Amino acid sequence: MKTNSNRLLSFSLLLVFTLAANAQDTRFKVLPAEQTGLKFSNTIVETEGLNVLSYEYFFNGGGTAVGDINNDGLPDLFFTANMGDNKLFLNLGNRKFKDITQQASPQLKGRQGGWKTGVTMADVNGDGWLDIYVCYSGKGEDDMRRNQLFINNKNSTFTEAAAVYGLDDKSLSTQAAFFDFDNDGDLDMFLLNHSNKKIDNMELARYRKDVDELAGSKLYRNDNNKFTNVSASSGIRQNPLTYGLGIVVADINQDGWQDVYVTNDYNEPDYCYLNNKDGTFKDVAQTSIMMACPT
């Protein structure tokens, strides 16, 4: 059964902070936007041409990234809005934030008419400063779906450079994960995508070995800050049955190499990719997970 996120993801009303209290006291306190400065709403508006019937992932929600963009020791926040403007909030300390989207880069708001989804903060170019990668999906044209990479200029401003790095992917993207899959000291990228095709259960087998450039997830290798698509040789499933909802990177078998776990929607099972240490991965979900959790 498909799980949808809330129709309205809003940080305009509250920010939750842990309080040092005893077991009888309230553990969390709601702080209003007027106090924190966090005013953001992922407002979804259905139209005759764009709704949950025309695009099944309509209510899956936007993205949130937390990271220290100016290296001052305080976590900053970035929110994506599916149909509206993204926002970048600088942490001023004492639980107060400032919207710096416009001065950081007007392009951070997102491509007008594009459907923004997940967002990731990572030091993509290895200079010690966090960059921002924004994913796109939806029913738009290819160029409206091209993902964006914002390189940190080290002065609280950013420059969009996805095409320069080879990461302006036009897939139906849910989320990106940056990690060093080949242990060469730089960050590579796994792009989690999803299909928008309706496939009958009786036809699943015929599509399992197909390659769908828009729906299939992808693996990009970082070669001196130029990313190369190595999906075809890596063992990553790229068929139109990929309905990627979430991704986790971890050293699952504790061999010193990062592995990948992908959660899927509908009838497609999850993928558990073990790193073969040679640039390839093997999906061991059926053998490993079923043995540990028999039905």
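**View 1. Cys 135 and Cys 272 in the predicted model.** Cys 135 is buried, at a relative accessible area of 0%. The model shown here and in every other view is predicted. Cys 272 also counts as buried, with a relative accessibility of 5%. Buried means under 20% relative accessible area, so Cys 272 at 5% falls in that class. How many disulfides does the structure hold? The number is zero. A disulfide is a covalent bond between the sulfur atoms of two cysteines.

**View 2. The sheet β9-β10-β11-β12.** Four strands make up this open sheet, and their pairing is antiparallel. Its edge strands are β9 (115-122) and β12 (158-160), each of which pairs on one side only. On average, neighbouring strands are turned by 20° against each other, direction ignored. β11 covers residues 148-152 and pairs with β12 in the antiparallel sense over three bridges. Which residue of β12 is the bridge partner of Phe 150? The partner is Glu 160. Strands of a sheet pair through backbone hydrogen bonds, either parallel or antiparallel.

**View 3. Ser 156 in the loop between β11 and β12.** This loop contains Ser 156. Ser 156 has a positive phi of about 70°, although it is not a glycine. Most residues other than glycine have a negative phi. Is Ser 156 buried or partly exposed? Its relative accessibility is 22%, so Ser 156 counts as partly exposed.

**View 4. Gln 103 and Thr 157.** Gln 103 lies in helix α2, which spans residues 101-104. Its relative accessible area is 45%, so Gln 103 is partly exposed. How far apart in space are Gln 103 and Thr 157, C-alpha to C-alpha? The distance is 6.9 Å. In sequence, Gln 103 and Thr 157 are 54 residues apart.

**View 5. The largest pocket.** The space in this pocket is about 280 Å³. Rolling a probe the size of a water molecule over the atoms shows where empty space is left. The lining of the largest pocket consists of 18 residues. Which of them lie nearest its centre? They are Asn 60, Gly 61, Gly 62, Thr 174 and Leu 245. Strands β9, β13 (173-179) and β17 (244-250) each supply at least two residues of the lining. By residue class, the lining has 13 polar, five nonpolar and no charged residues.

View 6. Why is β15 described as largely enclosed by the rest of the structure? Four of its five residues, in the run 218-222, are buried. Three bridges join β15 to strand β14 (residues 188-193), and the two run antiparallel. In this pairing, Phe 190 has Leu 219 of β15 as its bridge partner. β15 also pairs with strand β16 (residues 227-229), again in the antiparallel sense and over three bridges. Here Tyr 220 stands opposite Asn 229 of β16.

**View 7. The hairpin of β15 and β16.** Four residues lie between the two strands of this hairpin. Asn 224 takes a positive phi in this hairpin, near 55°.

**View 8. The sheet β5-β6-β7-β8.** This is an open sheet of four strands with antiparallel pairing. Which strands form its edges? They are β5 (64-67) and β8 (96-99), and each pairs on one side only. Neighbouring strands in this sheet are turned by 25° against each other on average, direction ignored. β5 and strand β6 (residues 76-79) pair in the antiparallel sense over four bridges. Within this pair, Thr 64 stands opposite Phe 79 of β6.

**View 9. Lys 277 in the loop between β19 and β20.** Lys 277 lies in the loop that links β19 (271-275) and β20 (281-283). Lys 277 has a relative accessibility of 45%, so it counts as partly exposed.

Methods:
Residues numbered from 1 in each chain as written. Predicted model: local features only at pLDDT ≥ 70, side-chain atom pairs only at ≥ 80, totals over all residues. Heavy atoms only, no water. Pairing = 2+ DSSP bridges. Axes fitted to C-alpha atoms, helices over the stretch in contact; angles between N-to-C directions. Disulfide = S-S within 2.5 Å. Buried < 20%, exposed > 50% of the residue type's maximum accessible area, 1.4 Å probe, protein only. 1 Å grid on protein atoms, 1.4 Å probe; cavity = no way out; pocket = protein on both sides within 12 Å on 5 of 7 lines; lining within 4 Å. Points joined across faces, edges and corners; volume = space filled by probe spheres on them. Nonpolar A, V, L, I, M, F, W, Y, C, P; charged D, E, K, R; others polar.
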